[in-house]
Amino acid sequence: MDKILKIPDLDPLFKEELAQEPGCQHLLRCFACGVCTATCPVAEIEPGFSPSRIIRQIFYGMKEQLLASPTLWYCMRCAQCSFSCPQDVRFLDIV
């Protein structure tokens, strides 16, 4: 079942807040190409994990939902997503 997003629950400044963190300065360059998920070994075996979905949640301001999600912590820190990103978004640093 699809979840309904409630505007008051979203944090519109979440992406800017994260973009200020060390290593995250290229976050706002993401154009949702999906290469991060396509190269992620965890996404290959765990359908609930998707670096591109996590980035989208950041852009939507879903801070509370994202930080409460156990799938966020499935990243095995191999950095394949960061190495293959055409925009130099460092997903590993964001996580």
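The model is a predicted one, in which local features need pLDDT of at least 70 and side-chain atom pairs count only at pLDDT 80 or more, whereas totals for chains, interfaces and linings use all residues. Residues are numbered from 1 along each chain as its sequence is written, and side-chain values use heavy atoms, with hydrogens and water left out.

The volume of the second largest cavity is about 70 Å³, a volume being the space filled by probe spheres set on the grid points, which are joined across faces, edges and corners. Helix 3 (41-45) and helix 6 each supply at least two residues of its lining, helices being DSSP runs (H or I, at least four residues) numbered from the N terminus. By class, this lining divides into 11 nonpolar, 1 polar and 1 charged residues, where Ala, Val, Leu, Ile, Met, Phe, Trp, Tyr, Cys and Pro count as nonpolar, Asp, Glu, Lys and Arg as charged, and the others, Gly among them, as polar.

In total, 2 cavities of 30 Å³ or more are counted. The largest cavity holds about 130 Å³ of space, and of the 14 residues that line it, Cys30, Cys33, Cys36, Cys85 and Val89 are the closest to its centre. Helix 2 (35-38) and helix 4 are the elements that give two or more residues to this lining, which comprises 11 nonpolar, 3 polar and no charged residues.

The largest pocket, with a volume of about 300 Å³, is an open set of points with protein on both sides within 12 Å along at least five of seven lines. Its lining consists of 15 residues, with Lys3, Leu5, Gln57, Met62 and Gln65 nearest the centre, and is made up of 5 nonpolar, 6 polar and 4 charged residues. The largest share of this lining, 3 residues, comes from helix 4.

Gln57 is placed in helix 4 (residues 51-60) and is buried, with a relative accessible area of 17%. Gln80, located in helix 6 (residues 80-84), counts as partly exposed at 37% relative accessibility; buried means under 20% relative accessible area, exposed over 50%, and partly exposed in between (1.4 Å probe, protein chains only).

Definitions and conventions: 1 Å grid on protein atoms, 1.4 Å probe; cavity = no way out; pocket = protein on both sides within 12 Å on 5 of 7 lines; lining within 4 Å.
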